[in-house]
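Please open the model in your viewer and keep the selection tool at hand. The stops below can be followed in the order in which they are written.

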Amino acid sequence: MGQKNEAVILIGALAITGVVVAGGGWWLWQRFQTGGENPGEMVNEPGQLPPPPELQASDAFVAPTQVPAGTKVTIDGSTSMVNINEALKAQFQQTFPGTVVQTDAQGTDKGVVNLILGKVDLSASSRPLTSQEQAQGLAAVPVASDTIAVMVGRQNPFAGGLTSAQLRDIFTGKISNWSEVGGPNNTIQVINRPSESGTQQTFAAQVLQGQAFGQGANFQTMPRDATTPIIRALGSNGISYATYGQVENQQTARIVPIDSLSPNQENYPLRRQLFYFYKTPPSPQVEAFLGFATSPQGQQAITNAFE
């Protein structure tokens, strides 16, 4: 074979090799971009967390038929869930003799911190999980629905209702006198819950819609997330908010209708879910308690707590 023919063959072989290498490189690049064989299945960027998991479904926990004596469940968190915690505690301990449920209510954010640190088994929450909390291995189970009531003191001469826009303007500081909403010529004293309160966070999201709470002489933020001190601070010009069950039958506070609706009416605007947060995977005592809380018996106990 002549040198000329050998050169032609060599050049052809090199060309074929180049095509194969280029095609293989393109195929690998496509798989890297799509994360697999299915187009559009994008991989996460370096350092990017995967999407947070879905909320744990309520029916994921089976109602227990028996719980060993000596089982202990510890709960901290939202002050809005005090009545629910106590109702479930009483029913759980009665149904399963020898079990112990310990409850505290230091606020939603404090309860989450204690849960992450392993100081409690469950955190009662009046807001959903954040993506950061999910990334730390927490999951949530919704156990009840609730409404947030806006309230004034009984001796407050303002006897009307507010629109959602008026409520937002009061808590952002745009409205500062009761005369601007049909009341007497008195300064509105806004009594706010602390920032770690789940109720405050839900109220801000639903009412303020991205705006900040107002500041000034007529704004007071309470040092701890508790409803009784707030009611005492209302006086004759104050306004605040709390979970409906805590103010429904109060003798010293009056509920203010919002958009002409009361908290017990179907289309009332300030509605939310209440949750129990737990660490994954759940411990046996958590499985037992959440199975009970989401069972018909537990749900009836929760319903009774609102009555």
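**From paired strands to aromatic rings**

Begin by selecting glycine 77 together with alanine 124 of strand β3, which is its bridge partner in this model, and bear in mind while you look that the model is a predicted one. Now widen the selection to strand β1, residues 72–77, and to β3, residues 122–125: these two strands run parallel and are joined by 3 bridges.

One place to look is lysine 72, whose bridge partner in β2 is valine 100. If you then show helix α2, residues 82–95, you will have β1, α2 and β2 in view, and together they make a right-handed β-α-β unit. Turning back to β1, you will find a strand that is mostly covered, since 5 of its 6 residues are buried.

From here, move on to the aromatic rings, for the structure holds 13 aromatic pairs. Select phenylalanine 203 and phenylalanine 213, which form a stacked pair with 6.4 Å from centre to centre and 5 degrees between the planes. Phenylalanine 203 belongs to helix α6 and phenylalanine 213 to the loop between α6 and β6, so this pair ties together parts that are 10 residues apart in sequence. Phenylalanine 203 counts as buried, at 0% relative accessibility, and phenylalanine 213 also counts as buried, at 18%.

Then select phenylalanine 275 and phenylalanine 277, a tilted pair with 6.3 Å from centre to centre and 40 degrees between the planes. Finish with Phe92, Phe96, Tyr276, Phe289 and Phe292, which ring pairs link into a cluster.

How values were computed: Residues numbered from 1 in each chain as written. Predicted model: local features only at pLDDT ≥ 70, side-chain atom pairs only at ≥ 80, totals over all residues. Heavy atoms only, no water. Buried < 20%, exposed > 50% of the residue type's maximum accessible area, 1.4 Å probe, protein only. Helix = DSSP H or I, 4+ residues; strand = E, 2+ residues; numbered from the N terminus. Pairing = 2+ DSSP bridges. Right-handed = clockwise from strand over helix to strand, strands pointing away. Phe/Tyr/Trp six-rings, centres within 6.5 Å; stacked < 30°, edge-to-face > 60°.
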